[in-house]
Amino acid sequence: ERYKTIWELIKDDLFLADFTRILAPAIANRSRGSLRERVEGVWLALAGPACVADKTELEDAERYLDELEKLEEHGPITDPAVLRDSLERLYALPDVDATDADLQIMTIHKAKGLEFGTVIVPGLDSGPGGGDSDLLLFHEMVSPRPPVKGGSEPTASGGFPSGGLLLAPIKPTGAETDPTYRYLRDLNADAEDVESSRLLYVAATRAENRLHLLACLGCDKDGELKRPVARSLLARAWAVAGGHFQAEGTAAEEETDRAEEIYLVNRLARGFRAPSLPESVRWTASPEGHEDEEIEFSWAGETARHVGTVVHHWLQRIADNEMRGWDAKRVDALSGLLRRDLERRGIQRAHSKGAAELVAAALKNALVDERGRWLLGAHPEASSEHRLRTRGKDGVRSYVIDRLFRDAAGERWIVDFKTSRHEGGGLEQFLDEQRARYESQLNAYAAGFDKARLGLYFPVLRGWREWQR
């Protein structure tokens, strides 16, 4: 009898009946639509968004789905190795709510003179890296104090005379290493060891409260812990750190022995029922015969925020493509994808249609509006979702600029997109109020540049305000 496929084994398991019911349509229609759509549909149907611990994990899922979509831009994925290699290079995000005031990443050299509550130093096991031998080594021999009259001429260690410049070329092919070259190489190695010790001291003394030194060592074929690479920072601290590594290795072996008695995969108990879903991800079918009924939609609060996020995402994509291939017809074809994107972010399914229509209207407005086409088109030094760090009296601040570029005249532009809505008359007054509201925000962006022109673009309204800082 042939071996069963994973899908056949899943279908034979009565405990996975609900999972099978959701996965079966995706398997049956695997030749239709995109891989992202099928994976995302299954994830949503399994209430994936309700299972994440925080917003960062939700963004990680979005990055994974975006990667699937990117891989299929030039056709279906036929080689599993391409998918595997791409996903291996995809890393989880840090805490998306963290600010630069909470976390700073820098080299040990840059940290000199600074102090932090907690310091984390990774990669202590990494060595300086190998390389080709230097073609020429040299060392300036420092002269000691003048010799006593009548005394012998002092010499440096190793019998080399003091003072002057000591040079040694690399050995010719096939020849033995020159003693002078070997001596200078050892001098350089000693100097590197001293520098490594100094660097480790600098890193360790930056911490006010907590210091975390991270390293990873392997074991040899007998299970004995390997010593750290020569001239690594860990090697400089091994006299103290070695005991801690030996203790951790013993604890890990004991944990492995206990783990052998534990099943790697646990089954859910008979009769298990998934917990009820929160309102933000619960799907509610429309009443029969009323699927096209107009639904009252609230544009305030979280819904408006998610609409703005999706609009920004697609405006960035259009700008990255320099508008090539983008028109109203293509935006209309995105309607289903826009709804799923909004639902994934927490908008109820019954409300996603109205939200998706607003997103589509904003995108189409930007594509047909002269100002919108200018902003999204090709420019020198153009960047979308440009990250900027500034340091001021309030400390280090981090910003994200929606659109940054230079125009044909060489002037730098900093532009923010706003998805504000306005009903009724008084549009110009409303845009003036919006400028007053966001002026300080854009001025803060511009503080990171010598000179810039600032602008607010409202794709829903085709509105525009600009000023010079």
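Glu322 is partly exposed at 36% relative accessibility, where buried means under 20% relative accessible area, exposed over 50% and partly exposed in between (1.4 Å probe, protein chains only). This residue is found in the loop between helix H10 (301-320) and helix H11 (328-332); helices (H or I, at least four residues) and strands (E, at least two) are DSSP runs, numbered from the N terminus. The phi angle of Glu322 is near 55°, a positive value in a residue other than glycine. Arg462, in the loop between E8 and E9, also has a phi near 55°, and Arg462 counts as partly exposed at 45% relative accessibility. Most residues other than glycine have a negative phi.

The model is predicted; local features need pLDDT of at least 70, side-chain atom pairs count only at pLDDT 80 or more, and totals for chains, interfaces and linings use all residues. Residues are numbered from 1 along each chain as its sequence is written, and side-chain values use heavy atoms, with hydrogens and water left out.

The protein chain contains 15 helices and 9 strands. Of its 469 residues, 30% are buried. Contact means heavy atoms within 4.5 Å; among contacts between residues at least 6 apart in sequence, 63% join residues at least 24 apart. The accessible surface of the chain comes to about 31200 Å², with 52% belonging to carbon and sulfur atoms; these areas come from the Shrake-Rupley method with a 1.4 Å probe, and for residues only the protein chains shown count as cover.

Helix H13 (residues 349-368) has 20 residues and should span 28 Å at 1.5 Å a residue, which agrees with the 29 Å between its end C-alpha atoms. The expected span is 1.5 Å times one less than the number of residues. Buried positions in H13 include Ala355, Leu358, Val359, Leu363 and Leu367.

In helix H3 (residues 35-45), Val42 is buried at 13% relative accessibility. Leaving aside neighbours within four places in sequence, Val42 is in contact with Ile22, Leu23 and Ala26. Val42 and Ala26 are 16 residues apart along the chain, and their C-alpha atoms are separated by 7.3 Å.

Leu376, in helix H14, is buried with a relative accessible area of 2%. Beyond four places in sequence, contacts of Leu376 include Leu315, Ile318, Glu322, Ala366 and Phe417. The C-alpha atoms of Leu376 and Arg317 are 9.5 Å apart, and the two residues are 59 residues apart in sequence.

The structure holds 7 aromatic pairs. Rings of Phe, Tyr and Trp (its six-membered ring) pair if their centres lie within 6.5 Å; planes under 30 degrees apart count as stacked, over 60 as edge-to-face and the rest as tilted. Trp374 and Trp464 form an edge-to-face pair, with 6.5 Å centre to centre and 85° between the planes. This pair links distant parts of the chain, 90 residues apart, with Trp374 in helix H14 (residues 370-376) and Trp464 in strand E9 (residues 463-468). Trp374 is partly exposed at 26% relative accessible area, whereas Trp464 is buried at 13%.

A charge sits over a ring if NZ of Lys or CZ of Arg is within 6 Å of the ring centre and within 35 degrees of the ring normal. Arg330 lies over the face of Trp326 at 3.8 Å from the ring centre, and Lys418 over the face of Tyr438 at 4.0 Å.

Strand E7 also holds Asp416, which is buried at 3% relative accessibility. The side chain of Asp416 makes a polar contact of 3.0 Å with the side chain of Gln441. A polar contact is a pair of N or O atoms within 3.5 Å; within protein, one must be able to donate a hydrogen and the other to accept it, and residues adjacent in sequence count only if both atoms are side-chain atoms. Not counting residues up to four places away in sequence, Asp416 touches Val400, Asp402, Gln441, Leu442, Tyr445, Gly455, Leu456 and Tyr457.
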